[in-house]
Amino acid sequence: MPKRTDLHTVLIIGSGPIVIGQACEFDYSGTQAVKALKEEGYRVVLVNSNPATIMTDPELADCTYVEPLTAAVLEQVIARERPEALLPTVGGQTGLNLAIELADTGVLRRYRVELIGARPEAIRLAEDRRLFRDAMQRAGLEVPRSELATSVDEARRIARALGFPLILRPSFTLGGSGGGIAYNAEELEAIVRRGLDLSPVHQVLVEESVLGWKEFELEVMRDLADNVVVICSIENVDPMGVHTGDSLTVAPAMTLTDREYQRLRDMAKVVIRAVGVETGGSNIQFAVHPTTGRVLVIEMNPRVSRSSALASKATGFPIAKIAAKLAVGYTLDELPNDITRETPASFEPTIDYVVVKVPRWNMEKLPGADPTLGTQMKSVGEAMAIGRTFQEALQKALRSMEDGRAGFGADPSDGRIDPERLRERLSIPTPERLAYVRYALQSGWTVEAISRLTGIDPWFLVQMEGLINLEGRLRAFGLESVPPRLLRDAKRAGFSDAQLARLLGVRAGQGAPSSPSPWKGEGGGEGETRHEARSGDAGEPAVAYREVCGGAESP
């Protein structure tokens with residue numbers, strides 16, 4: 001169907017200040033949405049309290065208000081600008097909460113403003129933990145056993161029925177704010193009090209523990225014609241119990257069989273339809289038992305999320321841009337695919353590379369802060385890297401963190417380990433756990449033993465063990481004697497020049513080896529390689545991530 005002609009002015013709510021759990025990814029999505037709507041000829045009014053963003057550039061929206069993000073201010077803007085529609089799904093949790101408040105107080109009805117992208121009922125259903133649980137059960141999907149608490153006494157009663165440990169999730173909060181894991185009655189009371197205070201509706205879901213289960217996310221889009229496409233699958237390397245924003249993640253999912261992946265796809269379509277998100281993107285999270293394969297639906301974000309930005313950059317599919325155009329009436333098959341430029345957006349992207357995201361913490365700036373990672377997000381940023389394999393992408397992402405690391409070890413970070421606390425550091429998730437996993441593998445621990453303590457799938461640990469084994473082979477040689485094929489294998493595994501120099505004992509200022517270069521000519525180089533983001537099998541990709549041979553650098 002064509003775009004709507006009854007709309008002329010669209011109001012977009014920004015995400016406000018950059019805070020833990022809601023950072024520049026929403027500036028990224030909001031900017032895409034503004035450009036997309038203007039491209040279709042709509043007048044765009046933007047309200048955002050943060051002037052240090054791209055979206056508040058005076059040349060972007062037709063009218064920009066840098067004002068506090070409150071319902072009262074938004075009502076004044078609506079009264080002055082008279083938009084016909086409000087798009088709340090590109091402003092993070094802030095946008096959704098304000099849209100619901102405007103709907104509940106009658107502001108939208110009074111000024112005849114339509115919510116597009118997600119109806120109030122769909123937002124409430126996805127964000128209200130009890131409503132979401134009931135909807136999933138009606139749809140025949142399994143969710144963790146849980147009950148909603150509006151007081152500490154209610155939470156105590158629920159805890160007696162479910163038993164410890166318990167996952168506590170406040171309603172309508174961002175990045176798991178106010179939530180946590182309670183192992184006893186004292187922790188339960190403290191977390192529930194904080195969660196009730198931070199929840200706008202003063203509700204906390206008390207949920208049975210699924211700690212140690214594998215966690216997966218699917219980025220899904222739907223249009224008004226009920227076409228549903230899965231843009232990207234994302235797997236958390238850390239198990240359930242660590243917020244996805246604090247977990248090392250990889251796309252596409254690595255440890256699912258095709259049958260398991262297709263099952264998650266089918267379930268995701270049921271979820272987005274049951275919640276009632278008519279258009280746009282949604283992030284749906286699942287827990288999968290590592291041995292039985294039992295699948296639970298954890299939650300859904302009926303908006304462009306932090307993971308949506310990752311999926312967009314990983315696949316080249318502009319989720320926020322497409323979501324904005326779907327909100328004004330287009331269907332997926334009517335929008336051109338930016339990847340192939342020949343096929344419509346209804347073609348699902350497929351990628352021939354691996355993307356790894358590594359979180360960045362700044363615990364040193366918060367003296368006394370508890371470094372234990374849980375269901376409340378604590379990271380302040382992240383780095384994304386692309387590689388031919390998980391090993392290569394992992395090493396690139398780690399050295400992109402700007403914290404002195406050159407990759408997965410073989411750098412000065414090797415000296416930051418406290419061997420006396422190895423078992424504790426493996427069992428309790430903290431920002432340093434990956435370094436302790438490396439040390440355990442170097443010390444002869446088996447993959448199975450580390451997996452039991454960390455909950456990390458053995459497949460990922462085998463990949464890390466392969467990097468350590470490759471290190472051992474490199475240490476047996478010097479710069480002049482290292483075989484070119486071994487160097488090439490190391491570069492393909494993501495080893496940087498700094499790591500190789502350390503492993504081969506190269507002194508500062510030492511010249512290059514006299515043997516043929518492992519990257520070109522007789523050394524067996526491959527020339528330029530292409531990582532391609534495709535949509536199905538139709539057409540040649542117009543978007544490709546390029547690398548120089550050897551994988552040493554990539555844009």
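**A cavity lining and the aromatic contacts**

Three elements, α6 (129-138), β9 (204-208) and β14 (295-301), each supply at least two residues of the lining of the second largest cavity, where helices (H or I, at least four residues) and strands (E, at least two) are DSSP runs numbered from the N terminus. The model is predicted, so that local features need pLDDT of at least 70 and side-chain atom pairs count only at pLDDT 80 or more, while totals for chains, interfaces and linings use all residues. Residues are numbered from 1 along each chain as its sequence is written, and side-chain values use heavy atoms, with hydrogens and water left out.

The largest share of this lining, three residues, comes from α6, and the lining of the second largest cavity as a whole includes R129, F132, R133, L205, E207, V297 and I298. A cavity here is a set of points, on a 1 Å grid over the protein atoms alone, where a 1.4 Å probe fits but cannot get out, and lining residues have an atom within 4 Å of a point.

Turning to the rings, ring pairs link F390, W459 and F460 into a cluster. Rings of Phe, Tyr and Trp (its six-membered ring) pair if their centres lie within 6.5 Å, with planes under 30 degrees apart counted as stacked, over 60 as edge-to-face and the rest as tilted. By this rule there are three aromatic pairs; the rings of W459 and F460 have centres 5.2 Å apart and planes at 85 degrees, so this pair is edge-to-face.

Note on methods
1 Å grid on protein atoms, 1.4 Å probe; cavity = no way out; pocket = protein on both sides within 12 Å on 5 of 7 lines; lining within 4 Å.
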